[in-house]
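Here is a short briefing to read alongside the structure.

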Amino acid sequence: MLDLYHWEPNANSAKVMIGLAEKGLEFRSQYVDLLQFEQYLPGFLALNPFGQVPVLVHNGEVITESSLILEYLAEAFPAQRLAPTDPKGWYDAQAWGKYVDYNLGPSVSSIGWHQVMAPVMKNRDQNKLREAVNRIPIWERKAAWMTATGESYPEEQLANSRRKIELAVKRIEETLRRSSWLLGADYSIVDIGAFALSCTLPRLLPDVVNAKSAPKMMDWLARINARPAVRKILAMRGKAGYQDVYAPGPEHSRWG
Amino acid sequence: MLELYHWEPNANSGKPIMALKEKGVEFVSRYTDMLNFDQHKPEYLKINAAGTIPTVVHDGVVLTESSQMGEYVDATFAGPPLRPDNPVERWRMRWWTKFFDTFFGPSLSMIGWNIFVGPMVRQKDPEELRQAIERIPLKERREAWSTAIYNRFTVEQLAESRRRVEYGIRVFEDGIKARPYVAGPTFSLGDINVFCMAYALPVMQPENVNEEKTPGIMAWLRRLYARPAILESFKLGRTPMAQRAIEVANKLAV
Ligand SMILES: N[C@@H](CCC(=O)N[C@@H](CS)C(=O)NCC(=O)O)C(=O)O
Ligand SMILES: N[C@H](CCC(=O)N[C@@H](CS)C(=O)NCC(=O)O)C(=O)O
């Protein structure tokens, strides 16, 4: 039995939702509304004390961290592995997972929040919002939400996020010049992870990701977008009331 | 042939050293002196363009991510298994590795650079240092070095790092007191990856890591220090950092 606690099919939630769908694994969808702070309710914190989605519960075992969930699924369901078995291929899959988490995760979240969610949140009752943020029981999450719902992010953080996205786009584009998928000839969990974090970039940063600046990446996004499993997951979008959503999720590295 | 470019047998360099020693794989050690900026020299950048340590070079395969090197070693060579068979235990091995890499490690490292790396390199010629910084390929590393060399750590930054280290210690104590090793009943790469960052805690953070407050961590450290391959690894050290490991071993009376 698989239960997946997730938010909208975007970013880290989408990674695992698409991963499960591509493998043909049925799961019970447990929607956690991050903008209603459901990730900080006691029931959810009992599953993940860090207050983040996605969380997979597989036969009672709680599995967290989106990239590690994809690696777990590759090993727990080897018939639909979607990952290389040779040592170097597996290393590359893990190294890409880390690269995506480190560079795209926090950066897309910062810019997406700033451009798309911050204005939406300004329409909410600010007193209620402040109360909700003040009740967040995890120190660094509360600090993150205070910044996000207050002044939003400083110029320097946004510029740094943009720089990291540009580097990642360049790396994806260069890789796709050599092979059709990020790990070579086969579609894999690396494509799924990178897609989940970059599929909104043509709308979010159209000057960085467009048919001229990143033709291979645009084609790769379209190919993944057209896959039946991906269509099925993206059709689950919209419960939060917006098409593209972002959460103040993953942190930027504090040191090096 | 497997060549390993590494600095001291701790933090990121320690991970592949200990994995190779535990697996019983012969390797050529290429000591790369981080305090002499060897990792930014043109010869090294030809091998690893990011200018970070460690790097594994094995029959033309180049690996630059320390936490994943062990999985490659375990899957490639014969020797005792360093990963559990059970997928949940494997996930747990990786979860703790990631927790230490992203949450605990950077904060502990910042404190270490403030008290150790910064003061050591500041004695060098300022012009030489300026040029050394310019040669660093990664922006993140350039900023870290500038902060350390010009002592630009802020009080808030260091306080937040101390808070995270203390919190991380409590999280790890809760995890490790439930089972003998990081992943579960057996020793794995997770123990190596965590140990490389936690091996000196009883002497660096005696007020937070001790018999009363963290009996689980102390017992786990004893299990790790009792392993011949781990002790063997510390012999590759050339600075007082490796000496610290001996101090801890004595303190734990291993
Ligand atoms: N490293 C984690 C990051 C997860 C994460 O940041 N999740 C975001 C949504 S994409 C979240 O739950 N944010 C909730 C919050 O910050 O309150 C992973 O990859 O699973
Ligand atoms: N590639 C990453 C990071 C490696 C890393 O940052 N290593 C540090 C030493 S522990 C380094 O190379 N520092 C050199 C520098 O900052 O110039 C890994 O292997 O985990």
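A residue counts as buried under 20% relative accessible area, as exposed over 50%, and as partly exposed in between. A:Arg162, at 29% relative accessibility, is therefore partly exposed. Please keep in mind that this is a predicted model.

**Where chain B meets chain A**

- The contact draws on 40 residues of chain B and 29 residues of chain A.
- About 3100 Å² is buried between the two chains, and carbon and sulfur atoms give 59% of that area.
- On the chain B side, B:Trp91, B:Arg94 and B:Lys98 lose the most area to chain A, together 20% of what that side buries.
- The interface of chain B and chain A holds 9 salt bridges and 18 residue pairs in polar contact.
- Strand E4 (61-63), H3, H4, helix H6 (139-149) and helix H7 (155-176) of chain B each give at least two residues to the side that touches chain A.
- H4(B) supplies the largest share of that side, with 15 residues.
- Sorted by class, the side of chain B that touches chain A has 19 nonpolar, 8 polar and 13 charged residues.

- B:Arg94 forms a salt bridge with A:Glu71 at 3.6 Å, N to O.
- This pair crosses between chains, from helix H4 of chain B to helix H3 (residues 66-76) of chain A.
- Both partners are buried: B:Arg94 has a relative accessible area of 7%, and A:Glu71 has one of 6%.
- The side chain of B:Arg94 also meets that of A:Glu75 in a salt bridge, at 3.1 Å, N to O.

**Charged pairs within a chain**

- In chain A, the side chains of A:Arg162 and A:Asp207 meet in a salt bridge of 2.7 Å, N to O.
- That pair links distant parts of the chain, 45 residues apart: A:Arg162 is in helix H7 (residues 155-178), and A:Asp207 is in the loop between helix H9 (201-204) and helix H10 (215-225).
- A:Asp207 is partly exposed, with a relative accessible area of 48%.
- In chain B, B:Lys15 and B:Asp101 form a salt bridge of 3.1 Å, N to O.
- Because B:Lys15 lies in helix H1 and B:Asp101 in helix H4 of chain B, this pair ties together parts that are 86 residues apart in sequence.
- B:Lys15 is buried at a relative accessible area of 2%, while B:Asp101 is partly exposed at 25%.
- Salt bridges that share partners join A:Glu71, A:Glu75, B:Lys23, B:Glu71, B:Asp74, B:Arg83, B:Arg90 and B:Arg94 into one network.
- Over all chains, the count comes to 33 salt bridges.

- H1(B) is mostly covered, with 10 of its 13 residues buried; among them are B:Ser13, B:Ile17 and B:Leu20.
- The cover over the buried residues of H1(B) includes strand E1 (2-6), helix H3 (66-76) and helix H4 (87-122) of chain B.
- After H1(B) comes B:Gly24, whose phi is positive, near 80°.
- H3(B) is mostly covered too, with 9 of its 11 residues buried.
- The buried residues of H3(B) pack against helix H4 (87-122) of chain A, together with H1, strand E3 (55-58), E4, H4 and H8 of chain B.

**A histidine in strand E1**

- B:His6 is placed in strand E1 of chain B and counts as buried, at 0% relative accessibility.
- The side chains of B:His6 and B:Ser29 are joined by a polar contact of 2.7 Å.
- Residues that B:His6 touches include B:Ser13 and B:Ile17, both of which are buried residues of H1(B).

Note on methods. Residues numbered from 1 in each chain as written. Chains lettered and ligands numbered in written order. Predicted model: local features only at pLDDT ≥ 70, side-chain atom pairs only at ≥ 80, totals over all residues. Heavy atoms only, no water. Buried < 20%, exposed > 50% of the residue type's maximum accessible area, 1.4 Å probe, protein only. Helix = DSSP H or I, 4+ residues; strand = E, 2+ residues; numbered from the N terminus. Contact = heavy atoms within 4.5 Å. Buried area = accessible area lost by both parts, 1.4 Å probe. Salt bridge = Lys/Arg side-chain N within 4 Å of Asp/Glu carboxyl O. Polar contact = N/O pair within 3.5 Å; in protein donor to acceptor, adjacent residues only side chain to side chain. Nonpolar A, V, L, I, M, F, W, Y, C, P; charged D, E, K, R; others polar. Lists of a residue's contacts leave out its neighbours within four places in sequence.
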